[in-house]
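This report goes through the structure below, from its sheets and helices to the contact between its chains.

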Amino acid sequence: MAALESETRQSYLVFACGSSWYAVPAEAAAEVVTFPELTRVPGSPPHLLGVFAHRGEVIPVVDMSLLVGGVSAGSRRAVLVRLSRGTLALTASSVAGVSALMGPLEPLGPSGVHVHLRGPVKSGSRDVAVIDPEGLFDHLSQGG
Amino acid sequence: MPAAGRVEGTLLCHVGPHRIAFEAGEVASIAAPDTGTVSAHRAFQGDGGAQRVLVTSTGETVGVDGLEIDSEVLSVLPPSPLVAGASGGSLRGFVITRGVLWPLLRLEAFQHYLRGLDGVGP
């Protein structure tokens, strides 16, 4: 289970999407992939770039930069986040690696996707938003 | 992941650069577009028209740019919960043919979804 505590001592995969840095619990980060041409799903929001088939599963690709900041990162790489309900791919322009992060895990905003981004935490000199993967999955499943 | 069933006979449709598919048994006929045709481009935030029209058994229509018929039996891959609600719940899953993924839609439900985008009742 990839639940977040109020203050983190877990290991996280830290990655950038556009100019922002994010982290997901290392136990939920399955792999980093370069995804092929995507198939767009009719009626899906712009931040849901499309889907691709990977190991017999159809995986949706979410552009975190577009979701959070409204600007696409334009990356063809993604971090696969595997949850019990399914897998999602979060676009990543670069991957810093796995780090133990220290800091509070308060929601970074009162509503929308920011409820599922926690922090602030530091990874070196970087400000990192820790993604609550279960919450993000729920948010996206509801069309967010 | 297990397949969500199979489909035999599929209409593979092109909508601009995008792809959608329907089970052939859901399509009563294929016609030329007319003024009442609702275009599948709307589901991709586009404003394109239609070159071919799929007609449901109740006479409702969905316009696409082009289509081809696949007679193979295809496995239907289930949709992720993240996309299951897209296009008004008309997404049945995905099929792989011609080397690429195609969203497989329920024609009648997709037509209702497109009508809803136009602010027109089903």
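Two strands count as paired if DSSP finds at least two bridges between them. By that rule, 6 strands of chain A form an open sheet in the order E9-E2-E3-E13-E12-E11, with mixed pairing. Its edge strands are E9 (94-100) and E11 (106-107) of chain A, and each of them pairs on one side only. The model is predicted. It scores ipTM 0.91 and pTM 0.91. For chain B the mean pLDDT is 91, and 93% of the residues reach 70 or more. Where pLDDT is low, the predicted coordinates should not be read in detail.

## The two chains

| Property | Chain A | Chain B |
|---|---|---|
| Helices and strands | Chain A: 2 helices, 13 strands | Chain B: 2 helices, 9 strands |
| Buried residues | Chain A: 41% of 144 residues | Chain B: 43% of 122 residues |
| Box of C-alpha atoms along the principal axes | Chain A: about 40 × 30 × 30 Å | Chain B: roughly 40 × 30 × 30 Å |
| Contacts between residues at least 6 apart in sequence that join residues at least 24 apart | Chain A: 56% | Chain B: 55% |

The radius of gyration can be set against a rule for globules. A compact globule of 144 residues would have a value near 15 Å, and chain A, with 14 Å, agrees with this.

## Strand pairing in chain A

Within the sheet of chain A, strand E2 (residues 11-17) runs antiparallel to E9(A), and 6 bridges join the two.

## Strand pairing in chain B

Read from the N terminus, the elements of chain B follow the order β-β-β-β-β-β-β-α-β-β-α. Strand E1 (residues 6-15) pairs with E2 of chain B in the antiparallel sense, over 6 bridges. Cys13(B) has Ile20(B) in E2(B) as its bridge partner. E1(B) and E2(B) form a hairpin with 2 residues between them, and Gly16(B) in the turn has a positive phi of about 60 degrees. E2(B) also pairs with E9(B), here in the parallel sense and over 2 bridges. In that pairing Phe22(B) stands opposite Leu105(B) of E9(B).

An open sheet of 4 strands in chain B has the order E3-E5-E6-E4 and mixed pairing. Strands E3 (29-31) and E4 (38-39) of chain B stand at the edges with a single partner strand each, so one side of each has no neighbour in the sheet. The pairing of E4(B) with E6 (residues 61-64) of chain B is parallel and has 2 bridges. Ser39(B) is bridged to Gly63(B) in E6(B).

Helix H2 (residues 107-117) of chain B lies across E4, E5 (52-55) and E6 of chain B, and runs at about 80 degrees to E6(B). Its buried residues are Leu107(B), Phe110(B), Gln111(B), His112(B), Tyr113(B) and Leu114(B). These buried residues of H2(B) pack against E2, E4, E5, E6 and E9 of chain B. An α-helix has 3.6 residues a turn, so residues three or four places apart point the same way.

Is Gln51(B) buried or partly exposed? A residue is buried if 20 or more other C-beta atoms lie within 10 Å of its own, and exposed if there are 12 or fewer. Gln51(B) has 14 such atoms and is therefore partly exposed. Gln51(B) sits in the loop between E4 and E5 of chain B. Leaving out residues up to four places away in sequence, Gln51(B) touches Pro33(B), Asp65(B) and Gly66(B). Gln51(B) and Leu105(B) are 54 residues apart along the chain, and their C-alpha atoms are separated by 19 Å.

## The contact between the chains

How many residues does each chain bring to the contact? Chain B contributes 23 residues and chain A contributes 21 residues. On the side of chain B that touches chain A, at least two residues each come from strand E2 (18-23), helix H1 (81-84), strand E8 (91-97) and strand E9 (100-105) of chain B. By class, this side of chain B has 17 nonpolar, 5 polar and 1 charged residues. E2(B) and E9(B), which supply residues to this side, are also the strands that pair in the parallel sense over 2 bridges.

Technical notes: Residues are numbered from 1 along each chain as its sequence is written. Chains are lettered from A and ligands numbered from 1 in the order in which they are written. This is a predicted model: local features need pLDDT of at least 70, side-chain atom pairs count only at pLDDT 80 or more; totals for chains, interfaces and linings use all residues. Two residues are in contact if their C-beta atoms, placed from the backbone, lie within 7 Å. Ala, Val, Leu, Ile, Met, Phe, Trp, Tyr, Cys and Pro count as nonpolar, Asp, Glu, Lys and Arg as charged, and the others, Gly among them, as polar. pLDDT is the predictor's confidence in each residue, from 0 to 100. Axes are lines fitted to C-alpha atoms, for helices over the stretch in contact, and angles run from 0 to 180 degrees between N-to-C directions. The radius of gyration is taken over C-alpha atoms; the globule rule is 2.2 Å times the number of residues to the power 0.38.
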